[in-house]
Amino acid sequence: MIDALVLTILMTSVPLILAATGELVVERSGVLNLGLEGMMLMGAVSAFALTYVSGSLLVGLLAGIMSGCLTAAIFGFFVLGLATNQVATGLALTIFGTGLSGLIGSDFVGKAIEGLPTVFPETLSNMPFIGVFFALDAIAYLSIFISFLVWIFLFKSKYGLILRACGISHNSAHSLGYKVLTVRWCSILFGGMMAGLAGAYLPLMLTPHWSEGMTSGRGWIALALVVFASWMPSRIVYGAILFGAITIMQLAGQARGWTIPPQFLSSLPYIATIFVLVLISSKGTAKYLAPSDLTRPFISSK
Amino acid sequence: MFYLTPRKEISLFFTISIPVISILLTIIFGFFIFSVLGFEPGKALYHFFISPLSRLDKIADLFVKACPLMIIGTGLVFCFRANIWNIGAEGQLIMGAVFAGGLALSFSETQSVWLLPSMAIFSFIGGALWALLPALLKIKLRTNEILVTLMLTYVASLFLDWLVRGPWRSPTSFGFPLTQYYPDVGLISKIYFPGIGNISQLHWGVLIAILICLLCWFAMEKTVFGFKIKLIGDSPQALRFSGFNESKTTITLFIISGGLAGLAGMIEVSANIGQLQPNISFGYGFTAIIVAFLARLNPAAVIISGLLIALIEVGGDSAQIALAIPKVVTGVFKGILLFFLLAGETLTKFEIGFNYHQKSSLND
Amino acid sequence: MTTKPVLLESREISKSFGSFLANDSINFDILEGEIHGLLGENGAGKSTFVKMVYGLLEPSNGTFYWNGKKIIIGRPQEARNFGIGMVFQHFTLFPTLTVIENIQLSLNDNFATHELRDTINKKSAEFGITVDPDIYIRDLSVGEQQRVEILRCLLQNPKLLIMDEPTSVLTPQESEQLFSVLKKLSETGCSILFISHKLKEIKKITQRATILRRGCVVSTVETADVSTEQLAKMMVGSNPQIVKPKTAKKSSAILVRISGLNRPADNPFATALDNISLNVKAGEIIGIAGIAGNGQSELMEVLSGEWRSTETIDIFDVLGTDIRNYSPHKRRLLGIGFLPEERHGHSAVINMKLTENTLLTNHNNPVIQKNNIVKNENLEKLTTNIIDKYDVRTPFQNPQASSLSGGNLQKFVVGREIIKKPRVLFVAQPTWGVDIGATKFIRNALIDLANDGCGIIVISQDLEELFELADNICVLFRGKLSESKPLQELSSQKIGMLMGGEDLHSESKGH
């Protein structure tokens, strides 16, 4: 019973880790993409549709990643190419993605597919206590690995340093000769691919069917998670598991007749995020954590 | 790749034509999307854009749908003009409805005609309080209002959910998450036209909404206060030079936009629902953002843009009924429309060129 | 001096921004191992020129030669590959990154962190610049930040180091340290292009100097052969013709009394105001000279009330009223007019119509506004009055401020204040970037106002302007205001020296 609970928590946190890690890279480069929910939904519906049609999970996964990337490209075209307001453009992307995914998916409602298999044989996953950590699918392990890679990239490589520099001061980065817009394009596309993958995980693994708006706010939670993690990849993993646990706890709590209202638990991620935001903007070193040029459009003068 | 050069004169031609062109482009896109999906595009567009205008009662429905959009949208115009990004109107709407609902439910036996005005005031306070937190955080700690208002929306929505499932649930709702009905004096009545009677659901709230838009337009265009709003958005330095207080103006704007969103919530419930339930708004708070942009941040134009967006919503319903086109297509339309409007915003401010190697800035 | 080979040469380099010619056929050369000064007033085109050398701007015309070979510098990375390093006036550091990360970013090659740390330590020891490589930039003082900027150029083993106004942010002691580093560097064979408007520094550290005025090269001189007076004259131009139609009788009534005015710097790039005292009599125009960045904008904010304090200012009385705590709004009600230097977004909002720009400083006027409702008719009337009286040329009725030329917009904002017949006027750079016709017009309008008994303070970098307008002149240098002296006792050379931080007393004592 506990094992099943832990397994559910871990699986719930996977799409959060993926989407938030992607968004983290985008925000580190100085762009706020509020369209996560839209990109995830596009990823989810494409992954489901292509898996259903082709019968291949791999094709479905790739389709999810690609459509997340394409959706992000729309965002990039507007906020980078035309320097539109990032907040409004992100909201437009969410509205658009939610609508278009529903439209594409309308033929697939009620259909079922085979989910992703687990990686390890059952003998491993049936072990007491630690077995649960062998009961996951490939993407779950991949998500941890990607978050590790992103950390290596951001903090151990020159390109990661350049990306962070663009988020801190695009004018300085420009003066040193770096192509701010190119850096931001790459981050936005990467963020889109991750959101697409996160979306794909939902119908392929969590609930093997498609339903309209099936992300049910996970995009917003992921967005909150980036702030909650104060733009550090490793904290996203802990945070996602924590947020996942809160989500599952309230379901489990309901079943056991807990007195804490489930709505209170559900709102904890949002309240925690506001709390972290306040902490970051108040005095002390915390205020240096946010990329200082976040949401500021860079108008190329070259 | 593009490069952008600031325009010296904001083009009047663009200012007027951008909403029109955006709508036309969206319709063309709609034509394309319907064709791809295998619906007859002409027919689909007819049901979307013409059918809701074909009968008087349908037009009345349009106004009813537009009512909350107008009230919220006009408040958001104030914020966006001032470069304040309150995107949590949805949450402020809910808190307004909760405050008004609380009052109505505590006086469920009253016959007093003062209940409705009191509810209106309470709803305004509720929405304003919910907007005050991000406002104070913004001026005291420079906390980003975008994320705070967004997060508070979800908290408000969960709070309402808890209320109607828990302490405020009506004992006679058979376990459904619904409160008691409001007393009759807490409801907004339909407009009675002598000789015609009621036209569909058309209620007095619609008139209030239009009045609010006009009042806001007056405040924006004719008063020193409106001037202050434009100043703070355009140049906070000029605002200080002018002798105004930046923090006070910011707080006032949050209170107005939050309060109006709250009022919209109260009107929506009192006119159309009559009791609180988990879902009282269908994303009005977010849709109103598009309304504000479509009106090009002019409160009077919000009346028209609110009706246009309502047309897309109502058209979505009619297309779903007639042709079984999924309702979600309205989201696609709204998203595309907002994209075009934002691109238009850039066009008015910048000249767009395609020559990559032009270096053209004095201070970079 | 033995002739060294030429390292970098520019031939006929020009740069225009729209119709504005920022650099006009610059011919310039720098020798190997030479410290070469680039001297000029603000807006003379110094920064534009070095940005082209560093590949940040593309010349509209002309060619660069590097060791005699024609080159095109397309990007800063290419400049760095040639061996050109640059220390910017406004640092290009990333506050929330460490020193080592900041340095990493300015190097074209990739280094392992520990390797880089060793190199940094070695270089900083070599030149006597001590910086902890693992500290965050935000925790450093401005002087220390500049050391990081220099250090990261040194790590590229530059052949040419460009320093854009390096001492403008340094204390005298820090400047001394900088000079010893630069001397050491030039001994290793590195050329240094040293940009400054401070005469003493140019004399002290450079071998040759090129003087720029209004985008043109005035001359290139051996600095040992010229005096600071001669340099000053070349920098600011010849003594202007003094036309003085001023008729106001000297009055003894003091309108403005300022004493012990202090203001701490609120950010690393701000200048603190230090114990400023100043009186203005009726009918008097006081000119405050000085190079930009010596506290002018800070002082203007104090005068206008955008920044106020009762703690750091001892006395600030206007017309007998203590206005230390008065908002700009209340100051206007008292009959004070003020006009900051920046037209765009400060004294005018360019995206707004002229009527709205009139409202900017008239929203407290009962003729214009009643119960907060703007009387548009009266506002339009007032706007038309300003336009007519001050000869503002508009393309059509009530256009946006952005569609006016700089000169016309300036006439408009000056007129907007003068038409109110203020009893005291504080104005900064009244003719900055304005054409000759409008300049004359604005100056005459100010003189007329003084003739009517108004007390005026004009803050300006334009000496010609102050000579035409002022009765008394004082100089603002590093937040300190020199004693005000009657115009007759001053020459442009003397003022130029004060502006460059020379002390007149010590100079005269020396002779």
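**Contacts and burial**

Analyst: Leaving out neighbours within four places in sequence, C:Pro59 is in contact with C:Ile13, C:Ser14, C:Lys15 and C:Met52. Contact means that the C-beta atoms of two residues, placed from the backbone, lie within 7 Å. This is a predicted model, where local features need pLDDT of at least 70, side-chain atom pairs count only at pLDDT 80 or more, and totals for chains, interfaces and linings use all residues. Residues are numbered from 1 along each chain as its sequence is written, and chains are lettered from A and ligands numbered from 1 in the order in which they are written.

User: Where does C:Pro59 lie?

Analyst: C:Pro59 lies in the loop between helix 1 (46-53) and strand 4 (61-66) of chain C. Helices (H or I, at least four residues) and strands (E, at least two) are DSSP runs, numbered from the N terminus.

User: Does C:Pro59 count as buried or exposed, and why?

Analyst: C:Pro59 counts as buried, because it has 22 C-beta neighbours inside 10 Å. The cut-offs: buried is 20 or more other C-beta atoms within 10 Å of a residue's own, exposed is 12 or fewer, and partly exposed is in between, with C-beta atoms placed from the backbone.

User: How far apart are C:Pro59 and C:Leu155?

Analyst: They are 96 residues apart in sequence and 28 Å apart in space, C-alpha to C-alpha.

User: Switching to backbone angles. What is the phi of C:Glu12?

Analyst: Positive, about 55 degrees, although C:Glu12 is not a glycine. C:Glu12 sits in strand 1 (residues 6-17) of chain C. C:Glu12 is exposed, because 12 other C-beta atoms are within 10 Å.

User: And what about C:Lys421?

Analyst: C:Lys421 is a residue other than glycine, and its phi is positive, near 50 degrees. The loop between helix 13 and strand 19 (424-428) of chain C holds C:Lys421. C:Lys421 has 13 other C-beta atoms within 10 Å, so it is partly exposed.

User: Helix 12 of chain C next. How many residues does it have, and what span does it reach?

Analyst: Helix 12 (residues 376-389) of chain C has 14 residues and reaches 20 Å from its first C-alpha to its last. That is close to the 20 Å expected at 1.5 Å a residue. The expected span is 1.5 Å times one less than the number of residues.

User: Which residues of helix 12 of chain C are buried?

Analyst: C:Leu379, C:Leu382, C:Thr383, C:Ile386 and C:Ile387. Seen down the axis of helix 12 of chain C, its buried residues fall within an arc of 140 degrees, so they line one face of the helix. The arc is that of the directions from the helix axis to the C-beta atoms.

User: Which exposed residues are on the face turned away? And what covers the buried residues?

Analyst: The face turned away from the buried side carries the exposed C:Glu377 and C:Asp388. The cover of the buried residues of helix 12 includes helix 11 (354-360), strand 18 (373-374) and helix 13 (406-418) of chain C. C:Asp391 follows helix 12 of chain C, and the phi of C:Asp391 is positive, near 55 degrees.

User: Now the chains. How many residues of chain A are in contact with chain B?

Analyst: 41 residues of chain A, with 44 residues of chain B. Helix 4 of chain A gives the most to the chain A side, with 13 residues. That side divides into 22 nonpolar, 17 polar and two charged. Ala, Val, Leu, Ile, Met, Phe, Trp, Tyr, Cys and Pro count as nonpolar, Asp, Glu, Lys and Arg as charged, and the others, Gly among them, as polar.

User: How many residues does the contact between chain A and chain C take?

Analyst: Twelve from chain A and 17 from chain C. Helix 7 of chain A gives the most to the chain A side, with five residues. The chain A side holds six nonpolar, five polar and one charged.

User: What domains does chain C have?

Analyst: The domain assignment gives domain 1 (6-236) and domain 2 (254-510). Such bounds come from an automatic or database domain assignment. The centres of the two domains of chain C, taken over C-alpha atoms, are separated by 34 Å. Their contact takes 14 residues from domain 1 and 13 residues from domain 2 of chain C.
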